[in-house]
Amino acid sequence: MFKKLIAESAAKSPWLFHINAGSCNGCDIELVSVLTPRYDAERLGFKLAGSPRHADIVVVTGPVTTQSLPRVLRAISQVPEPRCIVTMGSCPQSGNVFRGSYSVAGPLSKYVHVDVDVAGCAPKPEAVIDGLALATKILKEKRGR
Amino acid sequence: MSIILSALQYLGYILIFPGFLFCFLGGMLLCGIDRKIVAKMQKRVGPPVLQPFYDFFKLCGKETIVPAAAAKTTFLMAPLVGLAALVVIQLFIPVFHFSAFSGMADIIVILYLLLIPALSIIIGGAASGSPYAGVGLSREMVTVIACELPLVLVLLAVAKTVGSALGTGLCFSLTEIAAYQAANGSLILRASMIPAALAFLLVIPGETGNHPFDAAEAETEICEGMLAEYSGPPLAVYKLSHAIKMLTLTSLFVALFLGGIGGKIVNILALLGLTGGAAGALGVLLGAVVLFLLCALITIVCISLVHAATARLKIEQIFKYYWTVVSALALMSLVLAWYGL
Amino acid sequence: MILLNYIASFFLIALGFYTIVTKYNLVKTVIGLCIADYGVNLLIITIGFNPGGTAPIFTWNELNPQSFFVDPIPQALTLTSIVIGACVTAMSLALVIKLEEQYGTLDTREIRRLRG
Amino acid sequence: MSMLSYQHFPIYAIMSLFLGAFLVVMLGKNRAVRNALAFISVSASLGFLLALVKRVMIDGEVIAYWMGGRVPAGGYAIGIALEVDALSLFFGLLIAVAVFVSCVYSFSYMSHDDNVREYYTLFLMLAGGVMGLVLSGDLFNMFIMVEILTFAAVALTAFRNTAAGALEAAFKYLVVGCMGSTCILVGTVMLYAQAHTLNFAQLSALIAGDMNTATKVAFALLFIGFSTKAFIVPFHPLAADAHGAAPASISVLISGVLTKSGLYGIIRLTYFLFQSMGLGSMQFLLVFVGSLSMFICVTMALAQHDFKRLLAFHSISQIGYVLTAAGLCTAMGISAGLYHAMNHTIFKGLLFLAAGAVLHQTGTTDLGRLGGLSKRMPHTTVLFLIGAFSISGIPPFNGFASKWMIYQATYMKAVESGNIGFLLVTIIALVTSVLTLASFVKVSQSVFFGRLPAEFENVKEVPFGMRFAMGIFALLCVVTGLFPNLVTNYLTKPAAAAVFSVGNYIDSMMGAGYAESVMAAPPAAPVITYTELGCWDPVSWLLILAIALLAVTIVALAGKYDRVSLRPAATDAKHDLFFGGEESVYSQVGGGDLFWGFKHNWRHYFGFMHDLHSGIVNDYALWALVALALALLFSLIVL
Amino acid sequence: MDFPFIKEAISQLFSKSSCAMYPAAESPAAPNYRGRIVYHPDRCIACGMCERVCSGNAITRRVEKTDEGDKITLTFNLGSCTFCATCADFCSRNAIEFTGDYHMVATKEEDLLVSGSFIKKPPAKKPAPAAKPQAAPAEAPKETPACAVVPREDGKPVSDPSKCVYCTLCAKKCPAGAIEVDRAAKTWALDEEKCVACGTCAEVCPKKCIIM
C-alpha cells in the first residue's frame with residue numbers, strides 16, 4: 001500500500017531541474033512561462049527545484065555544447081533515481097541550426113538515455129506541459145516497478 | 001496498572017495529539033493551504049491542498065545520495081533530530097486550556113528550543129560540505145539572529161503584561177498565560193499588545209524561512225542553500241519540519257495572543273450541558289479544530305499574504321528590517337506594557 | 001615630611017604609568033613598571049612609619065603599652081613587594097630579549113601581530 | 001587538632017599543588033614520574049576540597065584556619081588566615097576540577113614539547129596560586145597569590161615561544177597585568193593604613209561602616225586590579241592574545257580559572273569588603289561593566305579568524321554574564337551567576353581542549369585554513385558540538401540552565417526595582433546568546449564541517465587521553481544541565497547564601513559577636529529563597545525528545561531511511577558535491593566573514609572596534625589607566 | 001519594507017484565476033502558428049529546394065530505384081526543425097504545410113519524424129543515349145545561335161543564349177546544382193543527370209531566357 005502511495009505521489013509531485021546546455025534562452029523563457037499564472041504548472045504539482053538532488057525530472061535545453069557537455073552529464077548523474085530526462089526544443093535532440101558546429105557536442109541522446117523529447121523551437125508551453133505529463137507517467141511506471 | 005495507563009496516555013499525547021500525527025497532518029495542511037492561497041493571490045489555480053503530502057511521500061520513495069564530502073552520520077541524523085525537537089516544542093505549547101506538557105517549559109525555553117530545528121538544518125547543511133550550504137547556513141544564522149531580537153521583545157512584553165495582571169510581576173509560564181487569557185480575554189484585545197502581535201506576525205515568516213525572508217533557501221541563486229545536497233527521505237523530513245514549524249509558530253501565536261478563545265470553548269460546552277469526560281474529550285477535539293483553523297488564518301495573513309505581496313529580500317535587508325521596523329513595534333509594546341497600559 | 005613621602009610615592013606610580021603609556025620602547029616600558037613598583041614600595045614603607053618610633057625588634061617581655069615602634073607589617077610587605085618587583089623585571093626583560101630576537105625591533109608599535 | 005582534621009584540608013589543597021610544583025622541578029626528569037607527581041598533586045587537591053563539600057556546602061560551616069595557630073589577639077588578626085566559606089569552596093572546586101582535567105589532557109597534549117618539566121612546574125604554580133587566592137582570608141596573601149598566578153600565566157603564555165605572537169601576548173599581559181597587580185597592592189596597603197589589619201574578615205568589619213576618601217580610592221584600585229585578572233572590558237584584548245598563544249591546556253586554566261579568580265576578587269570586594277552592593281550605583285557599575293563585556297566581546301568574537309582567539313573573546317563575554325548576574329544583588333542573581341561561572345569553566349574548558357585537539361593534529365587554528373575535520377576527528381567533533389551547544393545555551397546543556405536563570409533574575413530585578421535599564425540587560429543577554437550561537441556555527445562550519453582541505457587528508461583522531469579529558473567536561477556539561485536543581489541546591493545556593501552572610505563570615509573568623517560589636521548595623525541573615533518564574537524540566541524534556549526521536553527513527557528505518565547510496569568508486573560524479581554541474585573542486589565557505597549579512601549592517605561598528613584593538617601595548621595600558629580614572633571618579637562621587 | 005502589492009493580492013484572492021487550464025481545456029494555437037509539418041508527397045517533385053534551404057538540416061531525401069521509377073522519400077525531422085517555414089516558402093509546389101498542431105511530444109525519436117514518399121516516373125521521352133550525355137550542353141548554344149530556342153520535350157530547361165547575360169542566378173538557385181554557368185567564357189551548361197526539371201531556374205531568371 002505504501003508503495004502504491006509513493007507511486008501515486010510520484011506522479012503528482014514531479015519537481016523539475018532545468019539545465020541550460022547552451023540554449024538561446026527561447027526554451028528557457030517558455031519553461032518559465034509554464035510556471036507563470038497563465039499556465040501555472042504548479043496546479044499539476046510541478047515545481048522548479050534549485051538543486052538536482054531534489055529533482056525528478058531534468059529538463060535540458062540547448063544544443064549541448066562541448067563546454068557544457070561534461071557539466072550536463074554530471075548534473076544529470078547527480079539526480080537521484082528514479083529520474084526522467086526531458087529534452088526541450090529541437091537543440092538537445094539534434095543540434096538544430098547549430099548542428100555541425102565545432103562547439104556542439106551533438107544530440108544529448110548520444111550520451112544518456114532521453115525519456116521524453118518535446119519538439120518545437122521553442123515549444124509552446126502547452127507542449128511543455130504535455131511533455132512533462134508524459135514524463136510523470138514514465139516516472140510512475142519506474143516507481144511502480 | 002494506572003501507571004501503564006497514564007504512560008499510554010502520555011505516549012498518546014506524544015504520538016497523536018498534540019504530537020506527531022497532529023503535527024504531521026496540521027503542518028502539511030497548513031503548508032498546502034499556504035501554497036493554495038498564495039497561488040490564488042497570484043491569480044493562479046495553485047496546487048491541490050494535499051500537495052505537500054504528495055511531495056512528502058514522493059520524496060520518501062526517492063534515492064538518498066550521500067555526497068562523498070559529507071559526514072554521513074551527521075548528515076543523516078540532523079533532520080531526524082530537528083523533526084523530533086520540533087514536535088516536542090509543539091507538545092509544550094498549550095492548546096487553549098488543554099496542555100499535556102506545557103508545565104515543563106516556559107516561553108524563554110521555547111525561544112531556545114526553537115533554535116534547535118534551525119540548528120539541525122544548519123548542522124546538516126554544514127555536514128554536507130557543499131559551498132552552497134555554507135552560504136545558506138550563513139544566511140540562515142543571520143536570519144535567526146535577525147528574528148531573535150523582536151521575538152525576545154515580544155515574549156518579554158507578554159511576560160510583563162500577564163505578570164503584572166496576575167500580580168506576580170512576571171509570568172513566563174505558558175500554562176499561566178493561557179489560563180489568564182481564558183479567564184480575562186485574549187491579550188490581543190489590549191492596546192499595548194497589538195504592536196507585539198503585529199511584530200510576532202512579521203517574525204513568523206522569518207522564523208519559518210518563508211518568502212520574502214527565505215534568502216537562506218533561495219532556490220534560484222544558491223540552490224536551496226543548506227538543502228542543496230539533500231535528497232530523498234532526509235529532504236522529506238526537512239520539508240515536514242518546515243511545515244511543522246509553521247504550525248508551531250502559529251499555534252504559539254494563538255497561545256500567546258488569542259488564548260481567550262479557550263474560555264469561549266469552555267462556555268460553549270457548558271451551554272450545551274456537557275460535563276465530565278465527554279466534555280473534556282470534546283473540548284480537546286474542538287480546541288484542536290479551532291486551533292487549526294486559527295493557525296490557518298494566521299498562516300494566510302502572515303505567510304501567504306506577505307509572500308504574495310513581496311519579492312525576496314537580501315540578507316542584510318532582512319536583518320535591517322527585523323532589527324529596525326519589527327523590533328521597534330515590539331519595543332513599543334514592551335514599553336507600553338512596562339508602564340502598565 | 002610624611003606628606004612629601006606620600007606625594008613622592010604617588011608621583012612615582014603616576015610617572016611609571018605615564019612611562020608605560022607614552023614610551024614606545026620595550027625597555028622603557030619595563031623601566032616604567034619598575035618606577036611604579038618603587039613608588040608602591042615607598043608608599044608601603046611610609047604607611048608603616050611612625051615618627052619617632054623605634055625599630056620593631058623586641059621580645060615578648062619588652063612589649064608594653066608604652067612601647068613605640070614603627071609598624072613591622074608594612075616592612076614585611078615591602079620586602080615581598082621588592083622581591084616580586086625584581087621578578088617582574090627579570091621576567092619582562094627576558095621577554096624583551098626574546099621579542100627583540102623574533103621581531104627585530106623594540107618598538108611597541110611594530111610588535112602588534114595580534115590585533116583586531 | 002590532628003593532622004587529618006578537616007580544618008587542615010584547605011591548606012593541604014593549596015600546598016599539595018605547590019609541593020607538586022617543587023617536586024616536579026626536582027624529580028621530574030623522567031616522564032612517568034613527572035606525570036605521576038602532577039596527577040597526584042592535582043587529584044589530592046581536588047580530593048581535599050571534595051571532602052569539604054558536605055561540611056561547608058550542606059552544613060553551612062565556615063572554616064577559619066589560622067596558620068601556625070595564631071588566632072586573633074587583642075582584637076587584631078595578626079596571623080595569616082585561610083577562610084573557606086561556601087563561596088570560596090565553590091570557586092575552589094571549579095578550579096580543582098578544571099586543573100584536574102587540564103592536567104589529564106596535558107599528558108598527551110604536551111608530549112611533543114620540550115621542557116615539559118618546567119611546564120608542569122608552572123602549571124602547578126598557576127593552579128596553586130589561584131587555589132590560594134580563593135581560599136585565602138587575607139588581603140595581602142591574595143595579592144601574593146595574584147602575583148604568583150600572573151607570573152605563571154605569563155610564563156605559560158610564552159611557553160611555546162616559537163609560536164607566532166606568544167611572546168608578544170605574554171609581554172602585553174605582563175605589562176597590563178602588573179599594572180593591575182600594582183593597583184591591588186596599593187589598594188591593599190591603603191586599606192591597611194586605614195584599618196591596620198590585612199585580615200579579610202576584620203577589614204570587612206572595619207571598612208564598611210567607615211568609608212572615607214582613602215577607602216574609596218582603595219576600592220577603585222582593587223576593583224581595577226581584580227578586573228585585569230577577570231579580563232573584563234577594557235582588559236579583554238589581553239585575554240584574547242594570551243589564549244591564542246598559550247597551549248590549550250593553559251587556555252583552559254586562563255579562561256576557566258584565572259578569570260574566575262578575578263571574579264571571585266570582585267565579588268569579595270563588593271559584597272564583603274565594602275558591603276556596598278545595596279547601593280544602586282554599585283549594582284549599576286557591575287551590571288554595566290558586565291553587559292558591556294558581554295556584548296563587546298561577543299561582537300569581537302564574531303569578527304575573529306582564529307579558533308582560540310574567538311574562544312577567548314567568548315570567554316570574556318560569558319564572564320560578562322556572570323558579572324551582570326552577580327551585580328544584581330539578588331539571591332537568584334548570585335545563584336545564577338555562580339551557576340554560570342561553573343558552567344563557563346566546564347564548557348569553555350571543553351571548547352579550548354577541542355581547539356587544542358585541532359591544533360595538536362593539524363598545527364593550525366586558522367579558521368580560513370581548516371575544514372571538514374569531522375570526517376577525520378569524529379569524537380572531537382561531537383565533544384566540540386556539546387561544548388558549543390552548551391555555551392550557546394541550547395537546551396538541555398548546562399549553558400541554558402544558567403542563562404535561563406540569569407534572564408529571569410535580570411528581568412525580575414527590572415520589575416522589582418522598576419528600573420528599565422535592567423530590562424535592557426535582559427535583552428542584551430538574550431541577543432548575546434544568539435550571537436554566541438552564531439559564532440559557534442561559524443566555527444563548526446569552518447573547522448569541523450564543510451570541505452576537508454587536501455593538506456589535512458591524513459589527519460587522525462587525537463589520542464585517548466585528550467578525548468578522555470574532553471569527555472569529562474562533556475559529561476559535566478550534560479549532567480549539570482540535566483539536573484539544575486541539584487546544582488543550585490548543593491552548590492550555588494549555599495554559595496549565594498555565603499555571599500549574603502557577611503556577618504557570619506566575620507564572626508567565624510574573628511569570634512562570635514565581633515561583627516555586631518564593630519559594625520553599627522550588622523547585615524541580617526539572608527533568606528536565600530527565590531521562586532523561579534518559569535518552568536523548565538530538562539529531564540522530562542530529554543525523555544520526551546528521546547521518545548520522539550525513537551519514534552522518528554523507527555519510522556525512518558522502517559521506511560529504509562538508512563538505505564543510502566554511498567560512493568562506490570573514487571571518481572564518481574554522482575556522489576560529488578553539486579557545483580552547478582562543475583567538477584567538484586575544493587571550496588570552503590567559512591572563516592571570519594561568514595556572517596557578512598549581519599556584519600554589513602554593523603560595518604561601522606566593526607571597523608571602529610577593529611581599529612580600536614590596535615595591538616599596541618601602550619594603547620592597552622592607556623585603556624587600563626582610563627578605566628582606573630573612571631573607577632576613581634565613580635568611587636569618589638557615588639560611593 | 002513596504003508591501004506595495006498587498007491590495008492586488010487581496011483583491012485577486014477573490015477574483016477568478018487567469019489560468020489556461022490546459023490539459024483539461026484544449027487551447028488552440030494562434031493563427032499562423034507554425035507547428036507540426038504536413039508533407040504532401042503528391043504535390044512534391046523532389047526538387048530538393050526545401051532540403052537546401054533548411055537551416056537545421058531537418059529534411060532528408062532518400063531515393064530508391066524501383067521498377068516503376070525512383071521512389072523518393074522526404075523525411076522531416078521535427079526534432080531538428082526550427083519551424084522557420086523557409087522550406088514551405090521555397091517550395092514551388094506548396095508540398096510543405098505548417099499546421100497549428102503543437103503536440104510534438106515523443107518518447108522515441110522516430111515519433112518526431114514526418115515523412116512521405118512518392119514514385120517519380122521517368123519522363124516519357126525518346127531515348128537519345130548518344131547525344132545526351134555531353135553534347136547537349138555544348139550544342140545548345142551552338143545549335144541555336146540566331147534563332148530562339150525551342151522547349152525540350154523532357155521538360156528540362158534550355159537557355160536562350162541571345163538573351164542570357166550569364167548572371168549565374170539560375171545556377172545559384174538550382175536546388176539540384178545542375179546548372180553551371182561560366183561568366184568569363186559565357187557558357188551555360190546543364191547537368192542532365194542532376195536536373196529534376198523543377199523550373200526554379202526559369203522562375204528566377206531575370207531575363208526570362210530559360211524555357212522549360
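**Exercise 1.** Work out what share of the contacts in chain A with a separation of 6 or more comes from residues 24 or more positions apart.

*Solution.* Start with the term: two residues are in contact if their C-beta atoms, placed from the backbone, lie within 7 Å. Then take the contacts in chain A with a separation of 6 or more, of which 82% are accounted for by residues 24 or more positions apart. The model is a predicted one, in which local features need pLDDT of at least 70 and side-chain atom pairs count only at pLDDT 80 or more, while totals for chains, interfaces and linings use all residues. Residues are numbered from 1 along each chain as its sequence is written, and chains are lettered from A, with ligands numbered from 1, in the order in which they are written.

**Exercise 2.** Describe the elements of chain A and the order in which they run.

*Solution.* Helices (H or I, at least four residues) and strands (E, at least two) are DSSP runs, numbered from the N terminus. Chain A has five helices and five strands, and from the N terminus on they follow the order α-β-α-β-β-α-β-α-β-α.

**Exercise 3.** Locate Leu191(D) and decide whether Leu191(D) is buried or exposed.

*Solution.* First, Leu191(D) belongs to helix α6 of chain D, which covers residues 166–195. Next, a residue is buried if 20 or more other C-beta atoms lie within 10 Å of its own, exposed if 12 or fewer, and partly exposed in between, with C-beta atoms placed from the backbone. Leu191(D) has 26 other C-beta atoms within 10 Å, and is therefore buried. Finally, beyond its neighbours within four places in sequence, its contacts include Leu139(D), Leu203(D) and Ile207(D).
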